[in-house]
Amino acid sequence: MSVNIVITQSRSNSRSSSLRRDGSMSERLVLLPAPHYPPIPSVGDDEESAESRQVTLKVLGMVCAACSSSIEKAVKRLPGIVNASVAVLQNRAQVVYHPEVVQEEAIREAIEDAGFEASIIEDFGVMESTAICRMRIKGMTCTSCSGSIEAILKKLEGVKKAVVALATEEAEVHYNPNVINHEEMMAAVDDAGFEVELISAGEERNKVQLKLEGVNSQEGIKLIELSLQSLWGVKSVDMSPTGENVVVFYDPDLTGPRNFIEIVEQSGSGDIQYRATLCTQPGQGGPDRRDEINRYWKFFLWSCVFTVPVFFLSMVFMYIPKVMHGLETKVVNNLDVGQLLRWILSTPVQFVIGWRFYVGAYNSLRHGSANMDVLIALGTNAAYFYSVYSIMRAATTHNFKGTDFFETSAMLISFILLGKYLEVLAKGKTSEAIAKLMDLTPDTAILLTVNEDGDILEERVISSQLIQRNDLIKVQPGSKVPTDGLVKWGQSHVNESMITGEARPILKREGDKVIGGTMNENGVLHVRATHVGSETALSQIVRLVEAAQMAKAPVQKFADRISKYFVPLVVLMSLVTGVAWYAAGRSHSYPKSWIPSAMDEFELALQFGISVLVIACPCALGLATPTAVMVATGKGAQQGVLIKGGNALESAHKVKCVVFDKTGTLTTGKPLVVDTKLFENMALRNFYRIVAAAEANSEHPLAKAVVLYVKTLGEERSNERFLETQNFQAIPGEGVHCIVQDKEVYIGNRKLMSEQGIEISEDVQEYLDETEQLARTGVLVAFEKKIVGLISISDPVKPEAARVVSLLKSMGIRSIMVTGDNWGTAKAIGQEVGIETVRAECSPGRKAEEVKKLQLEHKLGVAMVGDGINDSPALVAADVGMAIGAGTDIAIEAADIVLMRSNLEDVITAIHLSRRTFSRIRLNYFWALGYNVMGIPIAAGILFPSTGFRLPPWVAGAAMAASSVSVVCSSLWLKRYKKPKQLRATSQTELAI
C-alpha cells in the first residue's frame, strides 16, 4: 500500500493534555495512507419550491435559549424548510417552508416530538407566496429616473416592494408570483423607455440554462428533451422551439449541470454531434459595464467627427482671413456657406447621436417626472431650432443677418456624452470589489472519480462552474479551493485572508471545513463539495454586498426629495433668466455695449437661458450617496467586515457607546474546566459521572465544557455512555435541575442555590469568591440539596480585547459589558480589558432592555457586539448590531454588520470606515449642492454686469458633465481606505512574531 509522509504537529491522546500551558507542540512524522473513501451516501430527495409560506405556532414548555435551539434544529431537519425562528419570551415559532414538500401538521408534530406542546395559530394565517426578482436596468441618468421606475413597479398588482439603485443599475422587486410574473414587470420597465435584463427571478431557483450547438432537427430537440427528463433529479425541462437553448429545473442534491452537459453530448451519434455550454446570466459578479462604456465611447467619437468641424467653423476659421472670406460666400440671399456647413454637420449630432436624450425625456415626461434628459433636450433644441430659424430668415430675406448657435447644441451633446463615458467608467470601478471577490473562484477544478469501495479511478479537469454537491475535488498546493466543502483526506495550511481577512494560514485536516476561493499553500487536499454555486460562502458574501449596495441610506432621501422638484425648478429659472435679460435689453436697462457684436438682445437672453438649463446637474446629487456606499461596502468586504447597506453605515458613524457581550465576544468562547473542588468525601470519577449526565442535556457553553472535560479524563472512558436522567429542566440564567440515579441534582450559580433553599457554607463561599476573582466562573454542584463540589471554568480573554477598548475610548466611544455570567467573574473580566461599566447576570431579554435604556437615557448611538444567537434580541434593539462569526456564517439576520474574522479589532474598522464614508458623502453633497448653487447664478449672468464674464452654453454643459464625474471620483477615493494606524501597526507586529 502506498503512503504519504507528512510533517504534522503531534497531539496527546488526552484532549486536555494537548492544551499545554506553554503552548508548545512537538513535531513528528505521520504516515498518511493512500486515500480510500466509503461510497457516497444518498442525500435524499428533498424538493425546493419557489413558493414559500409562513406558519406561526404557539409553543409551550420552553424555558431557555437551549429549548428554542432544540426546536429550531428539530424543524430544520424536515425537508422543505427555508427558515425557522423561535421566540422564547413570546412562546412563538415562525417557520417559512415550501408547501409542496412539507405540511404545517408535520412541522407541528416535529415540535411535539422534541418534547413541547405546539398548536398552529390560525389568526396569523398563511403568508402569501413571495418571490424576489432582480433586473438590470440601463438608461437611468439621475434619481428622477430611478424614482419613476420604482413608482411604476409599485403600482403593479402583486408587487409588494420595489427598490431601484441608480449606482448599480439594478432593481430588486418582492412580488407574489401567483399574481404577477417577472415578464410583466420587465415589460412595464421596458414600456417606461429603459433597457431591462433579467438577472434572477424567485420562481427560478435551482435552474440552469444551457446553450446548445448542433441541434438542427425536431428529432434532435425531442431526443435531448426526453434524455434530460429521464435523468434522476430533473424536475422539468424547457426546450426552445429552435433548439438553441434549454432550461433545466433540478434538485441539486441529486444532479447538476455537469450531468446535463454529459447527457446532451452523449445523445449524439455518428455525424450528428451535440454540444452544450452554460449560459452566464447578466449581473453575475456585479454589473459588467464594458458594453455600456464602449457604447458611450463610440457615440462620443462619432459626435466628435461632426462637432470638431463645427467648432473650427465657428471658433477658429473666423480668425483666418482667406478661409473666412470663403465661408462668407453667399448661397441664397444672406445665407452663407459657413452657416450651411454648420447646419449640415450639427444635424446628425442633434437627431441621430442625441436621439437617446429625446427618448429619455419623452419617457420621463410621459410618466409624470422630469430628469436630466429633459434639461439636455430643452437646451440643445433651443439652440438648434433658433439657429434653424436664424438661417431660414437669412435665406429668405435680403437684410436679415442673424447669428446661429449650431456649435452650442453640437458641443453640448459631445461634452455630455464624454461626461457620461467618464461617469460610467468611474462607476464601474465602484463595484470592483464584487468582481474581485468573484474572481477568487478558480476557473477549473480536478474532479476525482471513486468506485463503490472508495478507490480513486480517475482524475479529470472540469470547469469549477460544473462542480456538483458531493463531488470529490483534489486541491493541489498553490491552487485555490474551488468550492466549499469538507476535507476527506490530507492536510495543509490554507490562506483564508481573501475571505475572512485572517492573515495567518490555518491548518486544515480531515473533517475540517474549507471555503471556496481560499488558497491552499503546502499540501494536497481531497475535498468533498458541500455547497456549490450560489450556496457557497463566497457567493453569499457577494450577494450580501450586492444587497447592501441596493439598500438606500436614510441620508439619500434628502437627494430624492430635491430631485422631485429640481428639474421643474431649473426650467422655471431658465425661463425667468431668459425673459429678464430680454426685457432688460428691450427696455434699455443695460448699455448696448454689453451685447456682443454678433448678437441682439434676444440672442443674448437665449444664451443665458440655455446656460442655466444645461449647467444644472441633478445627477451629482443622486450619485453622492450610492457611489460612496458601494465603494465602502466593497472595501469592508475585503477587510472581513460585511456591512448590510447604507442604513447600517449611517447608524455606525453615529455610535458613541458599544455594548459587548462577554462569552465568545470579549473572551474566546471556548471555556475549559481548569479546577475541581469537592466538599464531600467521594471519588472524582463518580462525581463527574453524575455531573456529565446532567450537563449532557444542556446546550450552554459551560455545560459543553464540562462534558468535554469528562470525556478527556481518561481514554478508556471516552466512549462511555452517560447515566440516564429524569425530569431534566434548564433554568435560564441559573443552571439545570434533574434526577440522576435517584439523586436530585442541581448544577448552576449561587442564584440557583439560593432560590432552591440550598445553603452555601462559608468555605464554599470563600472558595467561590477566590475563583471569581481569578476571572473564572464557579459552577456549584448540589446533590440532594447539599453542595458537594465546585467546578472552576475559565474562558480566556481575547488578546486584542483590552487594546480595542482602549482605542474605542480614544475615539470618544464608551464601552459597556453586559453578560449573563456572575458579578465576580464579570467584574474581573471588565477590569482585565478596561471596561468600567459592567452589567452581570442578565438574561437575553434583559440585555435588550439595557440597550434600550442606554438609548433612552443618554440619547446615544448604541452598538451591540455579540455572537448573533443568544444576543439576537439585543442586536435587534441596538442602533447597530454587530455579529461576530466565522466567514461561513454570514447569514445572521439580527445583525447590521457581520465581522467574519471573529476579531474585535473589526469593530473599530467598521466604525472607522463608516465615519470616513459619511465624511465623503458630506463632501459629495457639499460639492453637488455648492456646484448648483454657484453654477446656476453664474450661468444666469450674475457676474456679467460687473466683470463682463459670460458662460457660453457649451462650457456650461462641460461643467455639468464634469460635476457628475467629480462626485464619482470623490467616492472612489474611499478605495484608498486603510485601517487606523494603531491596528495596522498591531497587525504588522503580530505577523513579524
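User: Where does histidine 588 lie, between which helices?
Analyst: Histidine 588 is in the loop between helix 17 and helix 18. Helices (H or I, at least four residues) and strands (E, at least two) are DSSP runs, numbered from the N terminus. The model is predicted: local features need pLDDT of at least 70 and side-chain atom pairs pLDDT 80 or more, while totals for chains, interfaces and linings use all residues. Residues are numbered from 1 along each chain as its sequence is written, and side-chain values use heavy atoms, without hydrogens and water.

User: Why is histidine 588 called exposed?
Analyst: Exposed means over 50% relative accessible area, buried under 20%, and partly exposed in between (1.4 Å probe, protein chains only). Histidine 588 has 57%, so it counts as exposed. Its phi is near 55°, a positive value in a residue other than glycine.

User: What is the phi of aspartate 742?
Analyst: The phi of aspartate 742 is about 65°, positive although the residue is not a glycine. Most residues other than glycine have a negative phi. Aspartate 742 sits in the loop between strand 30 (735-740) and strand 31 (743-748), and its relative accessibility of 70% makes it exposed.

User: Are phenylalanine 351 and tyrosine 384 buried or partly exposed?
Analyst: Phenylalanine 351 is partly exposed, because its relative accessibility is 30%. Tyrosine 384 is buried, because its value is 4%.

User: How do you know that phenylalanine 608 and phenylalanine 944 form an aromatic pair?
Analyst: The ring centres of phenylalanine 608 and phenylalanine 944 are 5.6 Å apart, and the 65° between the planes makes the pair edge-to-face. Phenylalanine 608 belongs to helix 18 (residues 601-615) and phenylalanine 944 to helix 31 (residues 944-947), 336 residues apart. Phenylalanine 608 counts as buried because its relative accessibility is 1%; phenylalanine 944 is buried too, at 7%.

User: Which residues make the nonpolar surface patch of about 350 Å²?
Analyst: Leu569, Leu572, Met573 and Val576 make this patch. Patch residues have over 30% relative accessible area and no salt bridge; nonpolar side chains (Val, Leu, Ile, Met, Phe, Trp, Tyr) are joined within 5 Å and like charges within 9 Å. A salt bridge is a side-chain nitrogen of Lys or Arg within 4 Å of a carboxyl oxygen of Asp or Glu. Areas come from the Shrake-Rupley method with a 1.4 Å probe. Methionine 573, in helix 17 (residues 556-586), has 31% and is therefore partly exposed.

User: Which residues form the negative surface patch?
Analyst: Asp190, Glu195, Glu197 and Asp291 form the negative patch. Asp and Glu count as negative, Lys and Arg as positive, and His and the chain ends are not counted; charges are placed at CG of Asp, CD of Glu, NZ of Lys or CZ of Arg. Glutamate 195, in strand 10 (residues 195-201), is partly exposed because its relative accessibility is 47%.

Conventions
Rings of Phe, Tyr and Trp (its six-membered ring) pair if their centres lie within 6.5 Å; planes under 30 degrees apart count as stacked, over 60 as edge-to-face and the rest as tilted.
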